[in-house]
Amino acid sequence: MPIPGTRRIERLEENLAAADLTLSTDDLFRIATILPDGAFGARYAGGMVPDWI
């Protein structure tokens, strides 16, 4: 699925290719270790953090 704001075909192709990416158990563990609370930050100020995070 394209990410809103994608302006270049190359970026669209990268975004679409991500759908075929398979993460291993080790990959998921490493991500959880680095980002134990998820990956959100200053983009969502104060009480504006979406419910789905």
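Reader: Which residues form a nonpolar patch on the surface, and what is their accessible area together?
Author: This is a predicted model, in which local features need pLDDT of at least 70 and side-chain atom pairs pLDDT 80 or more, while totals for chains, interfaces and linings use all residues. Residues are numbered from 1 along each chain as its sequence is written, and side-chain values use heavy atoms, without hydrogens and water. A patch takes residues with over 30% relative accessible area and no salt bridge, joining nonpolar side chains (Val, Leu, Ile, Met, Phe, Trp, Tyr) within 5 Å and like charges within 9 Å. Here Leu21, Leu23, Leu28, Ile31, Ile34 and Leu35 have together about 580 Å².

Reader: Is isoleucine 31 buried, partly exposed or exposed?
Author: Isoleucine 31 lies in helix H2, residues 25–34; helices are DSSP runs of H or I with at least four residues, strands are E runs of at least two, and both are numbered from the N terminus. Buried means under 20% relative accessible area, exposed over 50%, and partly exposed in between (1.4 Å probe, protein chains only). With a relative accessible area of 41%, isoleucine 31 is partly exposed.

Reader: Which residue forms a salt bridge with glutamate 14?
Author: A salt bridge needs a side-chain nitrogen of Lys or Arg within 4 Å of a carboxyl oxygen of Asp or Glu. The closest N and O atoms of the pair are 2.8 Å apart. The partner of glutamate 14 is arginine 11.

Terms used:
Areas by Shrake-Rupley, 256 points an atom, 1.4 Å probe, with all protein chains shown as cover.
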